[in-house]
Protein chains: 4
Amino acid sequence: MTIRIGVIGTGAIGRDHTRRINQVLAGAKVVALSDVNAASAASVKADVAPEAEIFATGEELVASAGVDAVLVTSWGAAHEAYVLAAIAAGKPCFCEKPLATTAEGARRIVDAEVAHGSRLVQVGFMRRYDEGCRMLKQVVDSAIGQPLMVHAAHRNPTVPDHCVTEMAINDTLIHEIDVLRWLLDDDYVSAQVVFPRRTSAAPRDLKDPQIVLLETTKGVRIDVEVFVNCRYGYDIQCQVVGEEGIASLPEPMAIVIRKDAKLQNAILTDWKDRFIASYDVELQDFLAAAARGTASGPTAWDGYVAAISSDACVAAQRAPGTIVPISLPARPALYA
Amino acid sequence: MTIRIGVIGTGAIGRDHTRRINQVLAGAKVVALSDVNAASAASVKADVAPEAEIFATGEELVASAGVDAVLVTSWGAAHEAYVLAAIAAGKPCFCEKPLATTAEGARRIVDAEVAHGSRLVQVGFMRRYDEGCRMLKQVVDSAIGQPLMVHAAHRNPTVPDHCVTEMAINDTLIHEIDVLRWLLDDDYVSAQVVFPRRTSAAPRDLKDPQIVLLETTKGVRIDVEVFVNCRYGYDIQCQVVGEEGIASLPEPMAIVIRKDAKLQNAILTDWKDRFIASYDVELQDFLAAAARGTASGPTAWDGYVAAISSDACVAAQRAPGTIVPISLPARPALYA
Amino acid sequence: MTIRIGVIGTGAIGRDHTRRINQVLAGAKVVALSDVNAASAASVKADVAPEAEIFATGEELVASAGVDAVLVTSWGAAHEAYVLAAIAAGKPCFCEKPLATTAEGARRIVDAEVAHGSRLVQVGFMRRYDEGCRMLKQVVDSAIGQPLMVHAAHRNPTVPDHCVTEMAINDTLIHEIDVLRWLLDDDYVSAQVVFPRRTSAAPRDLKDPQIVLLETTKGVRIDVEVFVNCRYGYDIQCQVVGEEGIASLPEPMAIVIRKDAKLQNAILTDWKDRFIASYDVELQDFLAAAARGTASGPTAWDGYVAAISSDACVAAQRAPGTIVPISLPARPALYA
Amino acid sequence: MTIRIGVIGTGAIGRDHTRRINQVLAGAKVVALSDVNAASAASVKADVAPEAEIFATGEELVASAGVDAVLVTSWGAAHEAYVLAAIAAGKPCFCEKPLATTAEGARRIVDAEVAHGSRLVQVGFMRRYDEGCRMLKQVVDSAIGQPLMVHAAHRNPTVPDHCVTEMAINDTLIHEIDVLRWLLDDDYVSAQVVFPRRTSAAPRDLKDPQIVLLETTKGVRIDVEVFVNCRYGYDIQCQVVGEEGIASLPEPMAIVIRKDAKLQNAILTDWKDRFIASYDVELQDFLAAAARGTASGPTAWDGYVAAISSDACVAAQRAPGTIVPISLPARPALYA
């Protein structure tokens, strides 16, 4: 059986997922495309989905009888409506992050899915599919005792000039917010933000670096360095300190060279290279679940909790030194 | 377009490739199976290829109009006949190593393909598709100057009691024989074998470890330690020493743990874990070429040269200390 | 010329320094010993300083015309009086940490030395003499741009049952307090303490681990994980994040072994092994300066600042979540 | 007690050892100097041994009643005569390598020492005192089972234009010849030399790199890459493959930096930096034994065996591909 996929939003990520489904992964085919920019959809059809039908709107695409499951890769503000439409149609739906641009929007999706009674939504937190993260989770779950602390870093070589302080949370830390909850099987209870000396490379409206301190329900303390103009590379670090030992996220595979009086290996500079393989695994997981009429991986609830948690971190940015509490509503049974 | 694949030989590797084509990779479907053991073919059909037709013989499978391309994953002695049949039928053919059990057999395949006039055969040297090997080749080609030496090791934790000295060449070194030619873009001119002190863990008829010294047409000197009862793990090492620097094959990704007074990470113990990802890439490459009616990757010529080179290494085993020359026939233009 | 050294306090560290001076280092000889426990002094004389004279009191030892310079290695509460006596006698004095048990005591020593008009006191912060720390300082000073953050850890496998929460500052963090000031050439302006989930291995009256957050005058943010029952080893980590790059303290030299399906090397478990070589360098530095009638290395002012800073950290322990300011008096010109 | 040392030969190494004894190490003093170049001796006296007496000849220095022990750091051709003189005088003698410029000369020293009846000579093979080598020996002796193979490399960034092929043995490999015997507690039975493709950076009369294959009495097989124009750095590698595991010489301590899209650390380029600490340990060992009227560390026998073994390697250079046997005379009981 081949699952028939409709893709709403044919920008860079929509195009790439379409290519992935049609040329790399087994079991599915992109049969429908839609974008507010018709030329974009036509271009993706021409390049990687010649047999796809182009729909004028995402709503029509969702409603099409020829579409079994939906990818929402439009701009963020439109995610909520398309995901709600997919739930209403009872079709599995993969939604790139953010699930919605507000916690309230994410809540509406959760409520709709709960009302539907079974999972249909997978949120695009691809880190959970990264081979290194999966290996780390396995070790954390089995080999180092109870986790007590996490030391993490999310570093980017540079960001555009328009970047502002909040984006360090909403565009950058958001990945750690999700993946560390998953890694620890835990939730956050508070956040504090510390602003170190500012790099001279930071754009005018961006305080960079930042250190975000999170506390979990089990008392685990997390410090995440967010440094998006670190210059030297794209670098994701994570070290979990447990009662019996410490485990660290592996460095990406690289060739070690002895040359020019240095022992050296390349550090990646582009985030796409860092997580490219995880997109394949992520979508394969979606396709496998969609074939059974359901969804797997990060849930709408995870998307909602990420929104609540990042809102708290933004509040903590605005009151440096203050510990901002994070409180979550009761978790619906669907996500137990 | 979906390529219709026939698989001849449904043992472990045939089953795995069938699963790979039907469940992991895009663009192909296994539509035909054949095995001398009918129950094996039936079992693979039941598990991973429900729509496949079972053929009584490999020859019938090759001849079927419903089969576009063929995988030869039978036992080694039968490879030659099936590959020749595929060439005769003008169908792309992926053949697991060895291409044939003798250099003469491999030569017959080369001649048939040359007579056909275009490539149809890909030999299953999956190392060339290993991400680490590819990264190493890129660095060797660009960053360390002319290669002068290669220090390599191929270590297995243990081998069965029936293993004999020659198998260290034909089953183990054969991978280095192929991948180092490819890595250096060079051919061998001589081989010498050195027998170090024997491990007490070696089976009766196996001298283990062995060191194989190879010289190439460009004068590069290669030493490969083959140690198949090293106990500690499955470990592939390769260091290329160039005029300007040294590059090394990366270690497989692993979680570094601090525990029990040790800084430690796991070493793999099963070769299948080491190269599992490269099988996907290898077969995807085959499918992409087969869709164009041709073949890519390791050629029949590569299989033939590997056979000649390994024969010389076996001769060198029988005369320790002797330098055995390796001379290759002229390379047909098809493989230029 | 041979410098004649008197050692006050012949416990473990006094004995070891005596051995060091008499058997390892050039240019000095221990000629005088004193300890409240006469048997201890006699034993050290017998074992490693046969020609030394035993004095009934430290004061008499300091006063002896045959003593050129003094080592104060008695218990902490007695340090202040002996150091003041040495200053009064105009003799160079090496004092193990703490310089005094209170900031006020340290201040009295600073005042006495300032009144004397030139340096006589070296405080035993041996970390500054560690080869790795020195290499790190050189890189921080030259290769990574302005420091912005420091991520550090001080881990001990276990501590005795009588240990209490404050000791994590006064006995453990005290080393980072000194060495990070030196590394950054900076001073602290505030401290905050975070208590992560407690390890089940912690003694009853010790909260373990702790994270101490320090801010410097230049805005550098430091997080130090203090974890003294980490079980796995004695482990000192320090990573300095600068505007242009990141530098890390090296791991102690160790033999990497491939064995038992692991790539592994030993982690030290005893702090004495970690810094043993630095004691030699530290004392050699003292002897070289003493030969010129002065002192080098960590100053009385450094000892005083360490006391003020650690007092603030203890205050921060008592008010978790609070940011405790650290303010230093004006630095006397002697220590400019 | 202070041992009174006489130094014969005040070139770079003689000067450095004099400084070491007078300014770094405990227990000895250089009281006598001699050099064929009187100005050199005077300069060393002025700089680092103001109280030393200058002797017109080494023989007079050895004969002086004020000299307890002798360092022979003259040019190689004069070593034998001075060492024989020291033995005749019954004085402990440290001799830089080579012990003599011919195996016969070394044999005469062995015979003289045997006739004397107890050890007086230490040969300056400082590698045995390198911390990394000592750590490796400990692991090889205890943790990896019977050694089966050694893979080693001795790389220099560059050598002067006058260097010739033999010097790769006599000046470079000589260190591995000694240290690997010691590491394995074994002797050599044969040598073979392989000449890889030549680096374009090699001087006219030097074949570079070379690979020397050694076999030991226990059947251990050693391959040493000698590459003295490797450009990238001074790099000593040694990996011992045992029945149960593999141990490797550690890299020199270095600061790992993340900068400019690279994870990097410096590789040394000067051999003196690599082994500087081992000279201190080596001479301290000599002084400790000399204080007891004897010698420790590498013996005259070790110097003799190194000469025989390196002669065989030179013979193997002249007949590439030939396996040259190495046979040693019976070991005198003094060196058992």
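**Where chain C meets chain A**

Modeller: Let's start with how the two copies sit. Turn chain C by 180 degrees, shift it 0.0 Å along the axis, and it can be laid on chain A with an RMSD of 0.0 Å. The two copies are thus related as by a two-fold rotation axis. The same surface serves both of them, since 100% of the contact residues of chain C recur in chain A. Keep in mind that this is a predicted model.

Now for the contact itself. On the chain C side, 36 residues are in contact with 36 residues of chain A. Between them, chain C and chain A bury about 2,800 Å², and 57% of that is on carbon and sulfur atoms. Nine residue pairs are in polar contact between chain C and chain A, with both residues at pLDDT 80 or more. Which strands of chain C supply at least two residues each to the side that touches chain A? They are β7 (147-155), β8 (188-194), β9 (210-216), β10 (221-227), β11 (235-242) and β12 (245-248). The largest share comes from β7(C), with five residues. Sort that side of chain C by class and you get 16 nonpolar, ten polar and ten charged residues.

What about charges that pair up across the contact? Side chains of opposite charge can pair when their charged atoms come close. Between chain C and chain A the count is two salt bridges. In one of them C:E244 pairs with A:R231, and the closest N and O atoms are 3.7 Å apart.

You'll find A:R231 in the loop between β10 (221-227) and β11 (235-242) of chain A. Its phi is near 75 degrees, a positive value in a residue other than glycine. A:R231 has a relative accessible area of 38%, so it counts as partly exposed. Another residue with that kind of backbone angle is A:D185, where phi is near 55 degrees, again positive and again not in a glycine. A:D185 sits in the loop between α7 and β8 of chain A. Because its relative accessibility is 59%, A:D185 counts as exposed.

While we're on loops, have a look at A:P209, found between β8 (188-194) and β9 (210-216) of chain A. The peptide bond leading from A:D208 to A:P209 is cis, with omega near 0 degrees. Chain B has a cis peptide bond too, joining B:D208 and B:P209, with omega about 0 degrees. B:P209 is placed in the loop between β8 (188-194) and β9 (210-216) of chain B.

Back to salt bridges, because there are others to follow inside the chains. Over all chains the count comes to 100. Take A:E176 and A:R127, whose side chains meet at 3.0 Å, N to O. This pair links distant parts of the chain, 49 residues apart: A:E176 is in helix α7 (residues 167-184) of chain A, and A:R127 is in the loop between β6 (121-123) and α6 (131-142) of chain A. Are these two buried or exposed? A:E176 has 3% relative accessibility, so it counts as buried. A:R127 also counts as buried, at 3%.

C:R181 lies in helix α7 (residues 167-184) of chain C and C:D302 in helix α9 (residues 300-318) of chain C, so the pair ties together parts that are 121 residues apart in sequence. C:R181 counts as buried because its relative accessibility is 5%. C:D302 is at 8%, so C:D302 counts as buried as well.

In chain B, B:R181 forms a salt bridge with B:D187, and there the closest N and O atoms are 2.6 Å apart. B:R181 is buried, with a relative accessible area of 6%. B:D187 is buried too, at 13%.

How values were computed: Residues numbered from 1 in each chain as written. Chains lettered and ligands numbered in written order. Predicted model: local features only at pLDDT ≥ 70, side-chain atom pairs only at ≥ 80, totals over all residues. Heavy atoms only, no water. Contact = heavy atoms within 4.5 Å. Buried area = accessible area lost by both parts, 1.4 Å probe. Salt bridge = Lys/Arg side-chain N within 4 Å of Asp/Glu carboxyl O. Polar contact = N/O pair within 3.5 Å; in protein donor to acceptor, adjacent residues only side chain to side chain. Helix = DSSP H or I, 4+ residues; strand = E, 2+ residues; numbered from the N terminus. Nonpolar A, V, L, I, M, F, W, Y, C, P; charged D, E, K, R; others polar. Least-squares fit on C-alpha atoms with pLDDT ≥ 70 in both. Buried < 20%, exposed > 50% of the residue type's maximum accessible area, 1.4 Å probe, protein only.
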